Structure formats: structure tokens, C-alpha cells
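Try each task before you read its solution.

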Amino acid sequence: KAYYDSINHRLAHEAMCYDRFTLGAVVLPGNPLQPPLIEPSTASVTPYHTDVNRIAAAGALVAAVRRRKGGEFTVSADASTVPPDPATWIRMLDGATNAVSVNALA
């Protein structure tokens, strides 16, 4: 009970909403984002280029490993309620010479 009482339910709800509506991704080559990276407010479901949702980050990692090619990529949030499928992730990583949004591949 002490654990559940210690959770800030408002912040948890905001984080879950952000994750729900930013399942898309933008893949950029290299690391083009320069510090300072300001953390966005979790009170908004607007995707921020300096953030990525946890599901998209995991999908990008799995796709990068399956791809079996070298490369350095930055994955940023994009508006979508559906995450990229494995084939789309591979296309996004392969096409990262230009910024590629999952929405542009649909």
C-alpha cells in the first residue's frame, strides 16, 4: 500500500497519455540534436523532437539490432496512435539519410 500511495497519479496518467498518442517516430541520421535538451511538459500529447516515447524507443532498438548494419540514428516522437511495424522501422532506419516520419511512409 505504501508504494501505491507514493505514486503521483496525475504525472503517471500524463506520461501514459503521452505514450498513447506519440507512438509514431521520426528517424534522423546521427545525433543532430544539440544540448541543452529541454524536457517537454508531460501535460501535453504534442510530440517533441527532443523526446521519444518508450514504445517507439524499444521498437527502434529491436529494428536496429535486426537490421545487422551499422549506423547512428536519432529517434524522435511523432504523432500516431499506432507504432511502426518491424518492416517500417527497417525502412525508416535505411532511409535515415533524410528525416523520415512513419506518417510519410504510410
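The exercises below go from the whole chain to single residues.

A note before you start: this is a predicted model, in which local features need pLDDT of at least 70 and side-chain atom pairs count only at pLDDT 80 or more, while totals for chains, interfaces and linings use all residues. Residues are numbered from 1 along each chain as its sequence is written, and side-chain values use heavy atoms, with hydrogens and water left out.

**Exercise 1. The whole chain**

Work out which elements the chain has and in what order they run.

Solution. Start with the DSSP runs, numbered from the N terminus: helices are H or I with at least four residues, strands are E with at least two. The chain has five helices and three strands. Read from the N terminus, the order is α-α-β-α-β-α-β-α. Next, take burial (buried is under 20% relative accessible area, exposed over 50%, partly exposed in between, with a 1.4 Å probe and protein chains only). Of the 106 residues, 32% are buried. Last, look at contacts, meaning heavy atoms within 4.5 Å. Among those between residues at least 6 apart in sequence, 80% join residues at least 24 apart.

**Exercise 2. Strand E1**

Find the strand that E1 pairs with, and the sense of the pairing.

Solution. First, check the cover: five of the six residues of E1 (residues 24-29) are buried. Then look for a partner, where pairing requires that DSSP finds at least two bridges between two strands. E1 pairs with E2 in the antiparallel sense, over six bridges. Within this pair, Val-27 stands opposite Val-75 in E2.

**Exercise 3. Helix H4**

Decide how the buried residues of H4 are placed around its axis.

Solution. List them first: in H4 (residues 86-94), Thr-88, Trp-89, Met-92 and Leu-93 are buried. They lie on the same side of H4, because they cover an arc of only 135° around the axis; the arc is that of the directions from the helix axis to the C-beta atoms. Finish at the helix start, where a side-chain oxygen of Asp-85 comes to within 3.1 Å of the backbone nitrogen of Ala-87.

**Exercise 4. Two single residues**

Is Glu-14 buried or exposed? And where does Arg-68 lie?

Solution. Glu-14 belongs to helix H2 (residues 9-21). Its relative accessibility is 15%, so Glu-14 counts as buried. Val-45 is 31 residues from Glu-14 in sequence, with 8.3 Å from C-alpha to C-alpha. Arg-68 lies in the loop between helix H3 (54-67) and strand E2 (73-78). Arg-68 is exposed, at 78% relative accessible area, and its phi is near 55°, a positive value in a residue other than glycine.

Definitions and conventions:
Polar contact = N/O pair within 3.5 Å; in protein donor to acceptor, adjacent residues only side chain to side chain.
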